[in-house]
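Please read this briefing alongside the sequence and the 3D structure.

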Amino acid sequence: MISWFRLHFKAILYFIFAMILFFGIVSWIFLTYFYEDILNKYAVPKLEEAALTATNGYYHLKLGRISYQNHTVWCRQFDLQRVRYDSGAKGVALKRVFIDSLEITGVSLWRILLGKGLAMKSIQMDSPLVFMADLSKEQPTPRDLSADSIRIVSAVLRKLPVISFDIIALRNIQLHLAGSPNPTDVPSFKGIHFRLTNFSFNSETKEAQPVLFSKRADIWIPNVAYPVGDGSHSLVFKNLHGNSEDSVITADHFGFEPNYSEDAFAAHYKYAQARLDFRADGIRFEGMNFVSSFSKGNLVFRKFSVSSWSFDSYKDYRRPEDPHTSMAIMPNDLISSLPVKIDVDSFILRNGRIKIRERDTNASGSLGFEQANLIISPISKDTMSKNYKLPARIWMSASFLGALLAATATYPLHEKNFNLDLHATVGSFAGSKLNSWLVPLNRLEVKTGELKSGKIEMSIRSGTATTSVVAVYDNFEISILSQDKKKARSLMDKIKTFVAETFIIHDGNPGKSGLKTGVTTLSHTPNEEFMQFIWYAIRKSLGQVIGGFQ
């Protein structure tokens, strides 16, 4: 045997070399001319079937032609669309994801051909178009089509391999919140980055990872501003980041900020409009339920807090009032009408500032609160939550004209009827501090007087407020000013002042008849905003105590 091997040694070497050369040439020809065709015929259907399987027949994936080089696959088109809707479904869900091209790295040809699974390193997607749908507005899928989808899934489950990615990255997402799923539509939001880590789908075990078949999900929004509505305001985000592993979302800044100066904003509209400016820093969501948020579009988290915030409202009454008043949306109307589930243990806003400003032909006036702290707990419309049907408890403390204001309220936000209970107290301040509002806007000046304490009790049932106000004050004197700030007080202004101080305004409480309490009722009208109605109800009762206004 050894002698035979020695005799034919060179021939054997030549044969082995020839076979290596032959298989090398065949492999080169295969990889050059036939591999991509086989990959498109085998891998593309597998990935499309995997999407249908993983979503239980709700989503259909369509892939364009793919090309391969050095363990990297490029796909010319990726289109994932929802094809199944259930009758009576509610909430917000993904409707479509469309991408012109994507990159898949770490692809093993032989593992795919041998059916050992699609184990890859990453999917990289740039500028994907993401469309959301309101499930309550979608047409339910006919019963026979739903059954076909289920039968397809059942057949696919028996032959699909494991599909896994180390990373799935979506950069610069163009998010469409409403409208038709058309790639040419203007996105509602853009510049969002999203990443899934350790994605794995096993068609046999169906073992689910914490969120979207992945161990971790991350979302980033850099410094961006999104114009909203008619473009007069923008939503502003600065350095928002969240991940499912910590169940935390943080942001350096969030704002609903005007895009025009005060004068330009007023000139932009035919009628007087409120220019709103809300800003918050140090934002933190804790206990965020990423699974419910991503899969069903719900808002479920334990705690929301900000380290500082401000709210400024400016209205220029040099413009006429809109004769076609629109219906105001109460907070309970907003919460009960949202198409998603909400379950929040607490909202905490610290170190805030609230300023209400108005301007008329005379001048501008302002009134507000400093060092405002607000806690709301809980807010829920999730029937499976322990907080369901519990009314929201509200605590607020602030500095009002240098005096401590403390308020508590109970507000069932999940109810359609407007019901609320309010208790508030305010400390001592000089009446002259009200002149920053009264002088320019009401042409009324407080000359002397001090509020020593105040107490407010309010009960609102089905939109009708019963309000009780007790104000302890003394030495209250006013002066009615000329309507034209450039002119001195006229004789008529002096007569009005005398009549008001003598017959209308009560200069002190308790007075000669003892402590006076103002108790009134007031019904909410559809065009009154929430805080506007609360103030009207308080003002009406306060007028019974002080006199002079209702």
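**Salt bridges, a helix residue and a pocket**

The count of salt bridges comes to 17. The model is predicted.

**Salt bridges**

- R357 and D312 form a salt bridge, with their closest N and O atoms 2.9 Å apart. R357 belongs to strand 19 (residues 342–359) and D312 to strand 18 (residues 308–316), so this pair ties together parts 45 residues apart in sequence.
- R357 counts as buried because its relative accessibility is 18%, under the 20% limit. D312 is also buried, at 12%.
- D421 forms a salt bridge with R461, and the closest N and O atoms are 3.0 Å apart. The pair links distant parts of the chain, with D421 in strand 24 (residues 420–426) and R461 in strand 26 (residues 444–461).
- D421 is partly exposed at 31% relative accessible area, and R461 is partly exposed at 44%.

**Residue I335**

- I335 is part of helix 7 (residues 331–337) and is buried, at 13% relative accessibility.
- Beyond its neighbours within four places in sequence, I335 contacts I342, I379, K381 and L413.
- I335 and L413 are 78 residues apart in sequence, yet their C-alpha atoms are 6.4 Å apart in space.

**Second largest pocket**

- The second largest pocket holds about 170 Å³ of space.
- Its lining has 5 nonpolar, 5 polar and 2 charged residues; among the lining residues are M327, D333, K416 and F418.

Technical notes. Residues are numbered from 1 along each chain as its sequence is written. This is a predicted model: local features need pLDDT of at least 70, side-chain atom pairs count only at pLDDT 80 or more; totals for chains, interfaces and linings use all residues. Side-chain values use heavy atoms; hydrogens and water are left out. Helices (H or I, at least four residues) and strands (E, at least two) are DSSP runs, numbered from the N terminus. Buried means under 20% relative accessible area, exposed over 50%, partly exposed in between (1.4 Å probe, protein chains only). Contact means heavy atoms within 4.5 Å. On a 1 Å grid over the protein atoms alone, a cavity is a set of points where a 1.4 Å probe fits but cannot get out, and a pocket is an open set with protein on both sides within 12 Å along at least five of seven lines; lining residues have an atom within 4 Å of a point. Grid points are joined across faces, edges and corners, and a volume is the space filled by probe spheres set on the points. Ala, Val, Leu, Ile, Met, Phe, Trp, Tyr, Cys and Pro count as nonpolar, Asp, Glu, Lys and Arg as charged, and the others, Gly among them, as polar. A salt bridge is a side-chain nitrogen of Lys or Arg within 4 Å of a carboxyl oxygen of Asp or Glu.
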